[in-house]
Amino acid sequence: MVVMKERWKLIVCMLLLCFGIVASLLSGIGIILAVCILLFALVFLLDFDKIEYALWIGIVVTSFFGSYLGFPGNNSIFLFRILLLLHVPIFLWKLSRNRLGYSKLEKVIVILIVCWLFGNVASMLWANYISATFRYLYFVFEAGYLILITLYHVRSKKDLLVLTYFISAVYGFCLVIGLIEVLTGWHMSLSGNVLEYTQERHKYRPAGLQYNYNDFGAFLVMFLPLVVWGMKNWKWRVKYVFIIAVVGLSGFLVINTYSRVSMVVWIIEVVLILILWLRVWGVIASVVGLLAIVSINVLNLGAANSNLFTEVISAFTEKDGSTSERMMMYQKTMQIISDSHFLGVGVGNVPIELNNSIMGHGTLDNAYRAPHNFILESIGNIGLWSFFLFAVIVTILMLSLKYLWVHLQLGFFAIVPILIVAEFLSASVGISTIIEIRFLWIALGIALAVVCNQAFWRRDDEWDF
């Protein structure tokens, strides 16, 4: 009887799902109808807690794919946003039925994030370009919500391992896509290499599922330590072959992205993984590797015979124009902050004001230019309200350092939280704007969950990382 009842629920749910998909394809109103139908099916026909958890996993996985999972002809409506829309009421309902589940420290973090969200909304009162505020506010909500639900769900090593396995699957898929891009010059349909960067020099730069190569480089180095840790927990004996392949291939792709920040972070990550995992042999391998790189540079063998080595050198020596442009944008943004008396010019308005400042006049279509510095962008948008978010980041940083000090003898997992925070901070100046880059906020939530949850501070055999 129980099996028949579950089958009946599944059949009804599938029928409603099919009807919802058909309705969503007919019109914009049909999409709203589809969401309501799916919400009804999920809440009343299936197990509530399991559905909420499955939606969270779905949100994490689909966040990497973005518009690639969108409706035909309307890339702004895609699976991630539908799952997010479904998850919000279910998550709030779940919280209303149960206690919040956060520790005292985590509740402080929640309050800080809510204050940051409120500050963004409040800044609409003095924004000059109201139309720009709504789009930016949506991404602010996404960022805060991704941090909070990740913090809520990652409560143990088992939870983190499950999440890591899903992320690792996406990571492996992106490595394959990136390798194909480098070898063939083919790119995904929504890649910036297809839509914007059409010059020959961009043809073989990988972007994976991201829009441009800087974002892809940040993705590769952000999740490399976590993916390596997850693979280390495999039961297969060949896991070390996979680890070496993933580390090597990620390094190859990072070099081909020409992202200087990502190259530096990748080298630091690999050296720390070797030292903290292999201990003595790791130190020896790191020293030998660094000596080999220096020797190649001194003998000029790389520049003469290795295209890969040439790319590394050119990435650091042939971007003077890019560096000068960024410094100019930093100065302009700081001037915008000063002129607003640290109140900000309104959420989402800094890119427009920056473009107007550089051009010397406004534009009819409110063209914008990202400042390539999230800290300055945030202060310029909402002023002192941004310090609530900075307080969260500083808290994670301090706790990550403490976590590393306490758990250093347990291996390289102890370095994962601090590496995530370091990559987040480096991405904030290496990427044009990080508010739209969902994987960065998920990763920040992971680091926050590890350093705030007492389960990860246990030092007995059960938590041998």
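In which kind of crossing, left-handed or right-handed, does helix 6 pass helix 20? The views below take you there step by step.

**View 1. The whole chain is built from 20 helices and 2 strands.** This is a predicted model, in which local features need pLDDT of at least 70 and side-chain atom pairs count only at pLDDT 80 or more, while totals for chains, interfaces and linings use all residues. Residues are numbered from 1 along each chain as its sequence is written, and side-chain values use heavy atoms, leaving out hydrogens and water. Helices (H or I, at least four residues) and strands (E, at least two) are DSSP runs numbered from the N terminus. Of the 465 residues, 52% are buried (under 20% relative accessible area with a 1.4 Å probe, protein chains only).

**View 2. Helix 6 meets helix 20.** Helix 6 (residues 130-153) and helix 20 (residues 438-452) pack at about 30 degrees, with axes 8 Å apart; axes are lines fitted to C-alpha atoms over the stretch in contact, and angles run from 0 to 180 degrees between N-to-C directions. That makes the two helices roughly parallel (angles under 35 degrees). Here is the reply to the opening question: helix 6 passes helix 20 in a right-handed crossing, meaning that the near helix is turned clockwise from the far one by less than a right angle.

**View 3. W441 sits in the largest nonpolar core.** Such a core is a set of buried Ala, Val, Leu, Ile, Met, Phe, Trp, Tyr and Cys residues joined through side-chain atoms within 4.5 Å. Leaving aside neighbours within four places in sequence, W441 touches A143, L146, I147, F374, L389, F424, I434 and I435.

**View 4. Helix 3 also packs on helix 6.** The axes of helix 3 (residues 48-65) and helix 6 come within 11 Å and cross at roughly 125 degrees. The pair is therefore oblique. E52, Y53, W56 and I59 of helix 3 make the contact with L146, I149, T150 and H153 of helix 6.

**View 5. Helix 16 is largely enclosed by the rest of the structure.** Why? Because 7 of the 10 residues of helix 16 (residues 350-359) are buried. They are V350, P351, I352, E353, L354, N355 and N356.

Notes:
Buried means under 20% relative accessible area, exposed over 50%, partly exposed in between (1.4 Å probe, protein chains only). Contact means heavy atoms within 4.5 Å. Angles under 35 degrees count as roughly parallel, over 145 as roughly antiparallel, 65 to 115 as roughly perpendicular and the rest as oblique.
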